[in-house]
Amino acid sequence: MVETLSANTSPSPEGRKVVIVGGGPTGALAALYLAKMGWHVSVYERHSAEFKASSNRRSFNIILSRRGRKALTDIGVELPPDKQVLLQGNVRHTAKGGALGKGFRDAVSVDRATLAQVLIAEGQHRFPENIQYHFDQTLLQVNFQDKTALFQGKQDQQQQNFDLLIGADGVFSTVRTSMESQLQGFEVRQNQDSMMYKICDLGFAKDLPGVEQKWAESFHTWPNAQPLTLLAPPSTDGSLKGVLILPQAGDITYETIQTEADILALFKEKFPDVFPSLDQAGLPPQFAQDLLSQKAAHGGITTQCNQFEGGDCVVLLGDAAHSVWPSLGQGCNVALESCRIFAEVLAQTKGDLSLALPAYTAARKPDTDAIARLSEIGFGGNKRASNILFIAKVVILMFLHKLLPRWFHKYALFQLGDADVPYSKIWQQVQRQNSQLRLVLATLIGSIPVIWLVVWRIA
């Protein structure tokens, strides 16, 4: 049975309807922005309304910097204190123990599902007449010429007319696939990270050896286990949900780890402080079984579209348009920022979609392309942020900045969380700093013969 919903819904004051595919943080935030502008919004989400925080085994807390938080505050959303962790810093765990640094300070850790639920609850409270949420709905097909979308529910199908369709349905977007098949000239490129990850419960920060007061509110990393990576953002109850990242090839991969003994040996060798009583007590109950039962997922996929829109009726937001590798922690931040910028462009063009949609692509694509490149170059594959060359680069640039601040700026990536600095500008600064380092290196190498000659003559 196919039910046409448009006949039974009250249009917005402007008589315009937007259908948003995807009720995650991106779709839920976009709904708030458009509802405030007077659109009648219908959000379709394939999960149920009772989807619980962290109920997805693949789910782990995301880190929102000032960039992502600005997108929330600009529409009047404040995350409840009991739903987030205001980070106090970054704990780096090495053989010498854990050390608290300033990284991630002023960012927040929040469960992705919880963030989506907060945004949906905000929409239900503030815009009950403008936003309708439909759960357990899967997009079957889109007709951009007729401006209709067909959804499959638990029992029947529903057809929805739209003036604007927003694809906020993630990295494997059905809306984007429909654009590829129906819109001439629309192109997409995707690139998978070669690393694989699984999620594991690491217990509570308070149980780690050498624990300090702020550790329960800090982002934890184990940087000296290359090519392995273990990251753990904190949860509101003080627990740590780890992201264990392994290469696809080599001595230690998810293909070579097949038994509880393999996992025990791995944590003894690479992460001995996670479970300090391994020799006496072994691994926590169900830890190995849960890790072995999971299917490893790719560490990330970058998505780059040659345009984010088609005609005057469809636009992609978030991962559907510009997913990035998680190596810089910017995936959700760039997605939420895109919602804010799209709303700004829509307001500037007074809602004229024929102007607003291509204007959005022109305004946003340079920055999303830049963060995609930044997430890949030097940070994906086995080249994580703990890479020795990366650390050396940061140290050298910090030294040069202190020595010659007029000529050498702070390392560009330190601005990633700053909402006032576009990603494209950061990319340009990274390129400039790389050129400066090459020049410094060339100068030092060129000076060696001169120094040697002077020393030889003095001798």
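This tour goes through the model stop by stop, naming what to select and what is there.

**Before you start**

The model is predicted: local features need pLDDT of at least 70, side-chain atom pairs count only at pLDDT 80 or more, and totals for chains, interfaces and linings use all residues. Residues are numbered from 1 along each chain as its sequence is written, and side-chain values use heavy atoms, with hydrogens and water left out.

Helices (H or I, at least four residues) and strands (E, at least two) are DSSP runs, numbered from the N terminus.

**Stop 1: the open sheet**

Select strands E9, E3, E2, E13, E22 and E21. They form an open sheet of 6 strands in the order E9-E3-E2-E13-E22-E21, with mixed pairing. Two strands pair if DSSP finds at least two bridges between them. The edge strands are E9 (131-134) and E21 (309-310), each pairing on one side only.

Now take E2 (residues 17-21) and E13 (residues 164-167). These two pair in the parallel sense over 4 bridges. Pick Val-19: its bridge partner in E13 is Leu-165.

H4 lies across E2, E13, E21 and strand E22 (314-316), and runs at about 125° to E22. Axes here are lines fitted to C-alpha atoms, for helices over the stretch in contact; angles run from 0 to 180 degrees between N-to-C directions. Contact means heavy atoms within 4.5 Å.

**Stop 2: a stacked pair and a hairpin**

Select Tyr-44 and Phe-151. Rings of Phe, Tyr and Trp (its six-membered ring) pair if their centres lie within 6.5 Å; planes under 30 degrees apart count as stacked, over 60 as edge-to-face and the rest as tilted. By this rule the count comes to 8 aromatic pairs. The ring centres of Tyr-44 and Phe-151 are 3.8 Å apart and the planes lie at 5°, so this pair is stacked. Tyr-44 lies in strand E3 (residues 40-44) and Phe-151 in strand E11 (residues 148-152), so the pair ties together parts that are 107 residues apart in sequence. Both Tyr-44 and Phe-151 are buried. Buried means under 20% relative accessible area, exposed over 50%, partly exposed in between (1.4 Å probe, protein chains only).

E10 and E11 pair in the antiparallel sense over 5 bridges. Leu-139 stands opposite Phe-151. The two strands form a hairpin with 4 residues between them, and Lys-147 in the turn has a positive phi of about 55°.

**Stop 3: helix H5**

Select H5 (residues 260-270). Its buried residues are Ile-263, Leu-266 and Phe-267. Seen down the helix axis, they fall within an arc of 90° and so line one face of H5. The arc is that of the directions from the helix axis to the C-beta atoms. Ala-261 and Glu-269 are exposed on the other side. The buried residues pack against strands E15 (195-204) and E18 (239-247), and against helices H6 (278-281) and H7 (287-293).

Zoom in on Phe-267, which has 0% relative accessibility. Phe-267, Phe-271, Phe-275 and Phe-287 form one aromatic cluster. Phe-287 is buried too, at a relative accessible area of 6%.

**Stop 4: Arg-67**

Finish in helix H2 (residues 66-73), where Arg-67 sits. Arg-67 is buried, with a relative accessible area of 1%. Its side chain makes a polar contact of 3.0 Å with that of Glu-337, and one of 3.3 Å with that of Tyr-423. A polar contact is a pair of N or O atoms within 3.5 Å; within protein, one must be able to donate a hydrogen and the other to accept it, and residues adjacent in sequence count only if both atoms are side-chain atoms.
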